[in-house]
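Open the model in your viewer and keep the sequence beside it. We will go from stop to stop, selecting residues as we go.

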Amino acid sequence: MKARLHTALTLVLFAALLASSTGAGALPALAPIAPLDAPPVFLPVVHTATTRLTVNPQDRQASARFFTQVYLASENVPINWTGNHSTCNAGTTSQAFRDAVLLRINYFRAMAGLPAQVTFSGEYSRKAQQAALMMSRNGQLSHSPPSSWICYTAEGAEAAGKSSLYLGTYSWGAIDGYIEDPGSGNTAVGHRRWILYPQTQVMGTGDIPSTGGYWAANALWVFDANMWGPRPSTREEFVAWPPPGYVPYQVVFPRWSFAYDEANFSSATVSMTRNGSGISVSVKPVATGYGENTLVWEPNAPFGVAPTSDITYTVSVQNVLIGGVGRSFAYNVIVFDPGSAGGASLHRPWQADLGIPPELP
């Protein structure tokens, strides 16, 4: 994998920041992530403590409880921003607010069967805060912002190149947006792939609320030094979203994905059934350079509405070349209404513009 990652270093920026020939990241919406010239170097930093989250989505009750106690708990926390747009003060946000953003990240990782104990680096978050202010103040997204930008700082520019960027929303809403990864420029779901990258252990968040007529913004630092480390064990040998098992309808989005490290998806096919009846799917062009190699498709089925009863989707992914050998995978995703969530609405953030995610350096 390391050879592949270093090869990716030769890629050019992919549509605004780390978006070269294959990838995924915007303005008043999700923004692209800048290209990474080299893996981050760790300095002594402060990480917020977090307990590893685990859940068994095959257990309907456990999945519903996890949604209520973790997903819904990671919102409605005051930001207490201390900055100011007019004076280019990036300011800080409350620890409780950053913890809530972190909890939303680890919710998605736990549901996907990944190590869900990501922490935030104080250094990464401080720099990401400057990047988010730059995006908000200038009303646009860039993984390589020019020094002529209002509120430009070298640290903010560094963070812009190593972060997923969102303009138009912030906080846990931005995390949902990265997982959804909508828009014609994000068919590779690169933002999703970075949040669900197994090796990641440390991130950072920068969040600016909408004040004084400026857009809200988020910069999520997603590249840590462990990017080049060995792949940790995961619940399944692949990483899918939505994952196998019972998945709350609130977090099932139109784009589905199946990731397998170093797999060749060039000849892969996908078929699906909905409660036993076949449905058509639209497979998207395969793009590498964002986390693990991933196949993306859009099922012809309605999403985002509470089902009156559980809906079972059977997924069959065939002709995946792994080490030159063709393999097939099949699993069930059961979309359900958690019930105890009290009819929680979808937390899909409004988007003004969606950018492209950063590619591997």
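**Stop 1: a lysine with two partners**

Select lysine 127 and glutamate 123: their side chains meet in a salt bridge, 2.8 Å from N to O. A salt bridge here is a side-chain nitrogen of Lys or Arg within 4 Å of a carboxyl oxygen of Asp or Glu. This is a predicted model, in which local features need pLDDT of at least 70 and side-chain atom pairs count only at pLDDT 80 or more, while totals for chains, interfaces and linings use all residues. Residues are numbered from 1 along each chain as its sequence is written, and side-chain values use heavy atoms, with hydrogens and water left out.

Now show helix α4, residues 122-138. Lysine 127 and glutamate 123 are 4 residues apart in this helix, so about one helical turn separates them. Helices (H or I, at least four residues) and strands (E, at least two) are DSSP runs, numbered from the N terminus. An α-helix has 3.6 residues a turn, so residues three or four places apart point the same way.

Is lysine 127 buried or exposed? Lysine 127 is buried, at 7% relative accessibility. Glutamate 123 is buried too, at 11%. Buried means under 20% relative accessible area, exposed over 50%, and partly exposed in between (1.4 Å probe, protein chains only).

Glutamate 158 is partly exposed, at 29%.

**Stop 2: a bridge between loops**

Select glutamate 292 and arginine 231. Their salt bridge has its closest N and O atoms 2.5 Å apart. Glutamate 292 is in the loop between β11 (281-283) and β12 (294-299), and arginine 231 is in the loop between β5 (217-221) and β6 (239-241). The two residues are 61 residues apart. Glutamate 292 is buried at 3%, whereas arginine 231 is partly exposed at 27%. How many salt bridges does a search of the whole structure find? The search finds 12.

**Stop 3: a sheet**

Colour β6, β8, β12 and β11. These 4 strands form an open sheet in that order, with antiparallel pairing. Two strands pair if DSSP finds at least two bridges between them. β6 and β11 are the edge strands, each pairing on one side only. Zoom in on β11 and β12, which pair over 3 bridges. Valine 283 has tryptophan 297 in β12 as its bridge partner.

**Stop 4: an enclosed helix**

Select helix α6, residues 171-180. Here 10 of the 10 residues are buried, so the helix is largely enclosed by the rest of the structure. Just after α6, find aspartate 181, which takes a positive phi of about 50 degrees.

**Stop 5: aromatic rings**

There are 24 aromatic pairs. Rings of Phe, Tyr and Trp (its six-membered ring) pair if their centres lie within 6.5 Å; planes under 30 degrees apart count as stacked, over 60 as edge-to-face and the rest as tilted. Select tyrosine 71 and phenylalanine 108: this pair is edge-to-face, 6.2 Å centre to centre, with 90 degrees between the planes. Tyrosine 71 lies in helix α2 (residues 60-71) and phenylalanine 108 in helix α3 (residues 95-111). Both tyrosine 71 and phenylalanine 108 are buried.
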